[in-house]
Amino acid sequence: MKFVVQVRLFPTHAQHVIKKVADAYTTVRAQVKAKLRDPLTKPIGFRKDAAQPFDDRCLSWQIPDRAISIWTVHGRMKGIRFGCSDEQARLLAAYRKGESDLVRRDGMWLLIATCDVPDTDVTEPGGFLGVDLGIASIATTSDGTRHSGKAVNAVRHRNRELHRRLQAKRTKSAKRLLKRSRRTEARFARDLNHVMSKRIVTEAARTGRGIALEDLSGIRDRVRLRKPQRATLHTWSFHQLGSFIAYKAARAGVALVHVDPAYTSQGCSACGHVDKRNRPDQETFCCTSCGFAEHADVNTARNIAARGVAGWAAVMQPDAA
């Protein structure tokens, strides 16, 4: 007696969905084994509009025409237009690698592609540009350039008040507005971080210097602030700004070092004297030893720049062997 087994082949994108689910459970098992989370009590759920991966077999790019062809369960759809800048199109054509993710967000379809852009060889820096990250001034450089946080804090405060009032109303229209505006601040912060990081890296590259940043890992646990400043600290993405500076510096061939931030705000950039009394208030720095006076954030940035020089020398120092 013969048995005929009929095998139904899944479309490629359906196989990606299966793989996505399997990978999610593999990740959870690894996290439970490493004691990073508790075991699951219910199945993993996925959002309806969550990202779905497509490889080149089921999604092809026609970059000069700004169009894609995508395979769906209802057949292949051709000539679907997409929007991007000329620079983004150049990067897509030259460096796109791997799968692309299709996601629906706030009523828009977004196609997210990964570009593996090679880094430029790092040039030997002729000094370092120190960058102090803070709240009143989001970023201050050792050259004295300050990117003020007043406008940012005003937008953030307005958004918080708007969300508070809409949540109190609990009407359908209020919920619609909340849903539409939930990512407004995140987009605003991301755009501002891009602008600041580009200016910082451009200035360092123009002057032939490297960039020195504070190592801010664990800053939310270390810093103690007054209640009005806590929301600002916990909502602003300092890590994102640092990561933007890092990848832009790598692309431009600018050296980057992270330094220990301990006592950079209390130390004098002129004589090196460290004293808590050097910082009488948030904006003022006045050395109790040599009398040097400067804006507190600029003085901190200069200390970071000096530590950057020392840190780079330690990195580049040949092994004793």
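This is a predicted model: local features need pLDDT of at least 70, side-chain atom pairs count only at pLDDT 80 or more; totals for chains, interfaces and linings use all residues.
Colleague: How many aromatic pairs does the structure hold, and which geometry do Trp 61 and Phe 82 form?

Modeller: The structure holds 3 aromatic pairs. Trp 61 and Phe 82 form one of them, with 5.3 Å from centre to centre and 80 degrees between the planes. Planes over 60 degrees apart count as edge-to-face. The count is therefore 3, and the geometry of Trp 61 and Phe 82 is edge-to-face.

Colleague: How many residues apart in sequence are the parts that the pair of Trp 61 and Phe 82 ties together?

Modeller: Trp 61 belongs to strand E2 (residues 59-62), whereas Phe 82 is found in the loop between strand E4 (75-81) and helix H2 (86-95). The pair therefore ties together parts whose separation in sequence is 21 residues.

Colleague: Are Trp 61 and Phe 82 buried or exposed?

Modeller: A residue is buried when its relative accessible area is under 20%. Trp 61 has 15% relative accessibility, and Phe 82 has a relative accessible area of 17%. Trp 61 is therefore buried, and Phe 82 is likewise buried.

Colleague: Which class of pair do Phe 128 and Trp 312 form, stacked, edge-to-face or tilted?

Modeller: The ring centres of Phe 128 and Trp 312 are 6.1 Å apart, and their planes stand at 55 degrees. Phe 128 lies in strand E7 (residues 128-133) and Trp 312 in helix H9 (residues 296-316), so that the pair links distant parts of the chain, 184 residues apart. Phe 128 is buried at 7% relative accessibility, and Trp 312 is buried at 14%. Because planes under 30 degrees apart count as stacked and those over 60 as edge-to-face, the pair of Phe 128 and Trp 312 is tilted.

Colleague: Which element gives the largest share of the lining of the largest pocket?

Modeller: The largest pocket holds about 1800 Å³ of space. Its lining has 42 residues, and the closest to the pocket centre are Gln 88, Leu 111, Ile 112, Ala 113 and Arg 190. Elements that give two or more residues to this lining include strand E3 (67-72), strand E6 (108-115) and helix H8 (238-252). The largest share, 10 residues, comes from H5.

Colleague: How many residues of the lining of the largest pocket are nonpolar, polar and charged?

Modeller: Charged residues number 11 in the lining, and polar residues number 6. The nonpolar residues of the lining number 25.

Colleague: Where does Tyr 263, a residue with a positive phi, lie?

Modeller: Most residues other than glycine have a negative phi. Tyr 263 is not a glycine, yet its phi is positive at about 65 degrees. Tyr 263 counts as exposed, at 55% relative accessibility. Its place is the loop between strand E11 (256-259) and strand E12 (284-286).

Methods
Residues are numbered from 1 along each chain as its sequence is written. Side-chain values use heavy atoms; hydrogens and water are left out. Rings of Phe, Tyr and Trp (its six-membered ring) pair if their centres lie within 6.5 Å; planes under 30 degrees apart count as stacked, over 60 as edge-to-face and the rest as tilted. Helices (H or I, at least four residues) and strands (E, at least two) are DSSP runs, numbered from the N terminus. Buried means under 20% relative accessible area, exposed over 50%, partly exposed in between (1.4 Å probe, protein chains only). On a 1 Å grid over the protein atoms alone, a cavity is a set of points where a 1.4 Å probe fits but cannot get out, and a pocket is an open set with protein on both sides within 12 Å along at least five of seven lines; lining residues have an atom within 4 Å of a point. Grid points are joined across faces, edges and corners, and a volume is the space filled by probe spheres set on the points. Ala, Val, Leu, Ile, Met, Phe, Trp, Tyr, Cys and Pro count as nonpolar, Asp, Glu, Lys and Arg as charged, and the others, Gly among them, as polar.
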